[in-house]
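Welcome, and thanks for taking a look at this one. Here is a short briefing to read alongside the sequence and the model.

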Amino acid sequence: EIPSSIEASLARCAGNITFVAHNPLSVVVLASGNRSVLCWGFAAAGGNCSHIAGQLSAGERVVSVAATDKAYAVVTSLGRALAWGSAQQGGSIPSGLVGELSGGVLEVVGNQGAFAARTSSGKVLVWGNAAYGGSLSSDGGGSEALASLLSANVTRVLASPAAFLAVRGDGRVVGWGHVQTIARAGEQSPSLSGVPVQSDEIVII
């Protein structure tokens, strides 16, 4: 049920709603007219985003939103990424990534437990549940080879329920996370960068 205070805000945003995202426990609405980010639902799953407005500078607006099962991440007009919700599923950006996510972020995609951000330099940054692809470090299930492939020249990122695919400018497609679900990310786009995706063409690391 939509809280009465949110209903009033939605009424004021009528005609200006640009994006709606949800997970199983909450909903997020973006409205372009007054830069509103409206949320409701279970607070621990991203249903409370009242603090996000305070993190936006003058003239800055939210341009896109991605969801995991219990968290949200947004990209702003200044190329920053912000997140809230369950920390275990990406609702808290690790301190080591805050600087890199403070500008130049082109997109953020989410699966059930993690987020992946692509920057203007072609680098991919991830956070959230390591089992879902939320870590590139060896102690989190990643590897030096994976981190190297995602450090530059990535042109697109796709998500399956528990994994990610990155398409590189050299035509290679790199997958990480739950291996069994990686092919489903490719199925979302039968032709990635003009190259049909076959299972034997995906480098799974």
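**Salt bridges and their surroundings**

Asp170 has a relative accessibility of 40% and therefore counts as partly exposed, where buried means under 20% relative accessible area, exposed over 50% and partly exposed in between, using a 1.4 Å probe and protein chains only. Please keep in mind that this is a predicted model, in which local features need pLDDT of at least 70 and side-chain atom pairs count only at pLDDT 80 or more, while totals for chains, interfaces and linings use all residues. Residues are numbered from 1 along each chain as its sequence is written, and side-chain values use heavy atoms, with hydrogens and water left out.

- Asp170 meets Arg168 in a salt bridge, at 2.9 Å from N to O; the term stands for a side-chain nitrogen of Lys or Arg within 4 Å of a carboxyl oxygen of Asp or Glu.
- Asp170 also forms a salt bridge with Arg172, at 3.0 Å from N to O.
- Shared partners join Arg168, Asp170 and Arg172 into one network of salt bridges.
- Arg168 counts as buried because its relative accessibility is 10%, whereas Arg172 is partly exposed with a relative accessible area of 40%.

*Another charged pair*

- Across the whole structure, a search finds five salt bridges.
- One of them pairs Glu107 with Arg118, whose closest N and O atoms are 2.7 Å apart.
- This pair links distant parts of the chain, with Glu107 in strand E7 (residues 105-110) and Arg118 in strand E8 (residues 114-119), eleven residues apart; helices (H or I, at least four residues) and strands (E, at least two) are DSSP runs, numbered from the N terminus.
- Both Glu107 and Arg118 are buried.
- As background, side chains of opposite charge can pair when their charged atoms come close.

*Aromatic pairs*

- The structure holds three aromatic pairs, meaning rings of Phe, Tyr and Trp (its six-membered ring) with centres within 6.5 Å; planes under 30 degrees apart count as stacked, over 60 as edge-to-face and the rest as tilted.
- Among them are Phe164 and Trp176, with ring centres 5.6 Å apart and planes at 35 degrees, so this pair is tilted.
- Phe164 belongs to strand E11 (residues 163-168) and Trp176 to strand E12 (residues 173-177), so the pair ties together parts that are twelve residues apart in sequence.
- Phe164 is buried at 0% relative accessibility, and Trp176 is buried with a relative accessible area of 2%.

*An open sheet*

- Strands E4, E5 and E6 form an open antiparallel sheet in the order E4-E5-E6; two strands pair if DSSP finds at least two bridges between them.
- Strand E4 (62-67) and strand E6 (81-85) stand at the edges with a single partner strand each, so one side of each has no neighbour in the sheet.

*Two residues worth a look*

- Gly128 lies in strand E9 (residues 124-128) and is partly exposed, with a relative accessible area of 30%.
- Beyond its neighbours within four places in sequence, Gly128 is in contact with Gln88, Gln89, Gly90, Gly113, Ala114 and Gly134, where contact means heavy atoms within 4.5 Å.
- Asn153 sits in the loop between helix H4 (144-149) and strand E10 (154-159) and is partly exposed at 36% relative accessibility.
- The phi of Asn153 is near 70 degrees, a positive value in a residue other than glycine.
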